[in-house]
Amino acid sequence: MRPETLDNINASARVEEDVLAALGRPGWRYLAGVGLCALLALMLFTLWGGLIFRGLGLSGKNHPVGWAMLITNFVFWVGIAHSGTLISAVLFLFRARFRTSFNRSAEAMTIFALMVAGLFPLIHLGRVWVFYYLLPYPSERLIWPNFRSPLVWDVFAVTTYLIVSLVFFYVGMIPDLAVARRRLPGVRGRIYGLLSLGWQGTLRQWRHYGRLYLFLAAFATPLVASVHSIVSWDFAVSIVPGWHTTIFAPYFVAGAIFSGTAMVITLTIPMRRWLRLEPYITVDHFEAIAKILLFTSLIITYTYLVEHGLSLYGGNPFERDQYLYRALGDYRPLFAVMVICNSLLPLTMFIRRLRRSLAWLFILGILVNIGMWLERFVIITASLARDYDPYAWGSYNFSVVEFGITIGSFGLFFLLFLLFARLLPVLAVTEIKQGAEERHEEAGMQGASERGSEAYP
Amino acid sequence: MSGVSLSRSGFLLVLALAAAALALLEHGGPAAGRGAFLVTLVFWTSIAQGSVAVVAVTDLTGARWSAPLRRELLAAVPLLPFLPLLFLLLWPLSDLYPWAAAPTAWLNRPFFLARNLALLAATAGAAQLFARRSLRRDPARVRFAIAYLLLYVTCQSLVAFDWVMSLSYPWVSTMFGAYFFVEALYAGLALAGMLFLLSGRRRPGEATAAWPAARRDAGLLLFGFSILWGGLFFAQFLVIWYGNLPEEVRFIAVRLSASPELCAFFPAACFAVPFLALLSARAKGSAAVLCAVSLSVLLGLLAEKLLFIHPAAPVRFGGLLAENALLLALWLLAMRSRERLLPGDGEGNAAGREGRSGEGC
């Protein structure tokens, strides 16, 4: 352990002050942002109410395109939810230090995105009051859900993911809640005290905490892959051309990490500025996360090439026509934007100067998410619009109600995130302090190593 | 083979002799059973390219566990230029491919040969350039690692789509390419797992204080890759099995009925054995466990390649054993001669040795 010197104590106190300053009195800009997002969220629920009372005819869904914008939103938001656990759990296991700058925001993002995602299957149901048919409950009619259906797998996978993500988020925050308890006076301090579950920071507590956190990280990591794999199988286990393809599971997982990373960048760049967290979320950290964006973009591009290339390879006319339709048919403008945003623009991340430009990263994060939303839209609607039988072909145009619900879902997501930024510590205070101590110790060890000692960290 | 260390010219001579022996083995015997050479070539391409890819990935990510084994893993680099030569030996076997009778714009003999030769040669060239910089710890190695990895992914994808998948033309699995390059990386990691034991015993005098921690990290990675491999295998299998389309599921059904034992063996060897054996922290740090698990993974990968190829191109098992033994001997020779064969002699070697003993710090 690093000895407690006056410098260390001052540095620790400063980290706590800087991070907990965000929990202070909000300014008018923040309140205006909350108000705007709340209005958009209200629009979402109003339009959903309209769909319930007037029926799904208000949406643009038709025969044959029965899955459309609402399911696109579900896949998009589940995808956004992925990077939270990835950044937090996987980077923890790989001992990537830049994780501490993003993990709390990313974990919060996971939970809010899952909450928003969970709304869409319910909205899509139409008769939302029978949602419990999805759950395997003992019924006097002995009716069970079809366990061979990936839609039921979805219910289990997303619910499990939400529970584990919530536990992971909460457990990771306990030491920081104890800091807030110590620092904040009055009722707020007492609320944080209750939430911190009596954390005292004893060696015994840290030992248990470390083991639990490692276990949760190891448990959550395969869960990340499994959830979006199952979402991909909603499509892939069908025999619809363009959906029935083996690469869908890794493709969806990589796409989810790609869009989630872009969303983390989009959220943390303004948050860092508004909450004055520049010393803790540095440009180096953004450069590291930009490399993840580039890596996942390359996987996505590889998948586009393989899917489209192999549709021409095997001589299957349905597959070939489906992929040609995506690229050259009714959805060609969307397809072009998708390729530009997901494959071409991220290549700029090969240039170091652009990786370190926060303005470009912010714009790119937004563009990537536009591209990824369009990708899901094109996959879902184009395959249904052009199935096997030309007699059953059709097309899809979204309605104003669906568009409003989509915009409203972003409002709800940002509202939840804004509330989080003012109510909970946005950075992992104890981990930042711990990281600083480790770096200090390593600097000491390096000095010793230069004098002849050798060790593996 | 202890004590044998060849110069570059000597190694080239041995490679030429090995190519002649392989040509004789493959083309001197009966026409039936020529799939053995394809199995051997696919398997050793994945090991040779995969072990270099492991170093490239660790250099790119700044991981330090591979530092003690960098030179051993890069010992496969002198073998990479040999692969295009071996691929040429495949030329007379191209009538094994069903598309040979009715060529298409993509699948026709001249283009098949040209693109694969070009990619194998380019990957070998990129590996040479990368290895030189990696051993010297040149900061520019990161760029060369990226270039090598891009070529590696493309090359392994073509190994999957061209060499193996097109044997069952028009059967298609879009995951096949990704599955192969992940498997090659898995093979490279398994090789590293074995080297901790084999190489550690041969270097008792060297500073190996850093090895237990590096071994634990390698064990962790092998454990993680076993889960990744299991996930990819299942994702591919499920979609085909569940879809139950005759033109797709036939690929699985034929192999399940032809060799159910092999079908059970390779998932056990590549997933169940490493997953169960490496669950405990102590096992991850044990050189013997790591070596045994790595051997299981490599055997599983060989069995899987055999299963993919055997029904479409019959395999002579004697030939398969002889060819794999020859390639193993070549790799061991490259390992023994690595100080003389690898780029970066003199200053580079010094840097390499320093890396092995001190860089893990």
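Biologist: Which word describes how α2(B) and α12(B) lie to each other?

Modeller: The axes of α2(B) (residues 35-61) and α12(B) (residues 287-309) come within 9 Å and cross at roughly 140°. Axes here are lines fitted to C-alpha atoms, for helices over the stretch in contact, with angles from 0 to 180 degrees between N-to-C directions. Angles under 35 degrees count as roughly parallel, over 145 as roughly antiparallel, 65 to 115 as roughly perpendicular, and the rest as oblique. Therefore α2(B) and α12(B) are, to each other, oblique.

Biologist: What kind of model is this?

Modeller: Residues are numbered from 1 along each chain as its sequence is written, chains are lettered from A and ligands numbered from 1 in the order in which they are written, and side-chain values use heavy atoms, leaving out hydrogens and water. Local features need pLDDT of at least 70, side-chain atom pairs count only at pLDDT 80 or more, and totals for chains, interfaces and linings use all residues, as the model is predicted.

Biologist: How many charged residues are in the contact of α2(B) with α12(B)?

Modeller: Contact means heavy atoms within 4.5 Å. B:G35, B:L38, B:V39, B:V42, B:F43 and B:I47 in α2(B) meet B:L298, B:L301, B:L302, B:K305, B:L306 and B:I309 in α12(B). Ala, Val, Leu, Ile, Met, Phe, Trp, Tyr, Cys and Pro count as nonpolar, Asp, Glu, Lys and Arg as charged, and the others, Gly among them, as polar. By these classes, the contact has ten nonpolar residues, one polar, and, of the charged class, one.

Biologist: Is the crossing of α2(B) and α4(B) left-handed or right-handed?

Modeller: The axes of α2(B) and α4(B) (residues 82-89) come within 11 Å and cross at roughly 165°. That makes the pair roughly antiparallel. A crossing is left-handed if the near helix is turned anticlockwise from the far one by less than a right angle, and right-handed if clockwise. For α2(B) and α4(B), the crossing is left-handed.

Biologist: Which residues of α4(B) make that contact?

Modeller: From α2(B) come B:F37, B:L41, B:T45 and B:A48. By class, the contact has seven nonpolar, one polar and no charged residues. On the α4(B) side, the residues are B:L83, B:L86, B:F87 and B:L89.

Biologist: How many helices does chain B have?

Modeller: Helices (H or I, at least four residues) and strands (E, at least two) are DSSP runs, numbered from the N terminus. Chain B has zero strands, and its number of helices is 15.

Biologist: Is B:T61 buried or exposed?

Modeller: B:T61 is found in helix α2 of chain B. Buried means under 20% relative accessible area, exposed over 50%, and partly exposed in between, with a 1.4 Å probe and protein chains only. At 59% relative accessibility, B:T61 counts as exposed.

Biologist: What is the relative accessible area of A:S409?

Modeller: A:S409 lies in helix α14 (residues 400-423) of chain A. Not counting residues up to four places away in sequence, A:S409 touches A:L44, A:W77, A:V116 and A:F120. A:S409 is buried, with a relative accessible area of 0%.
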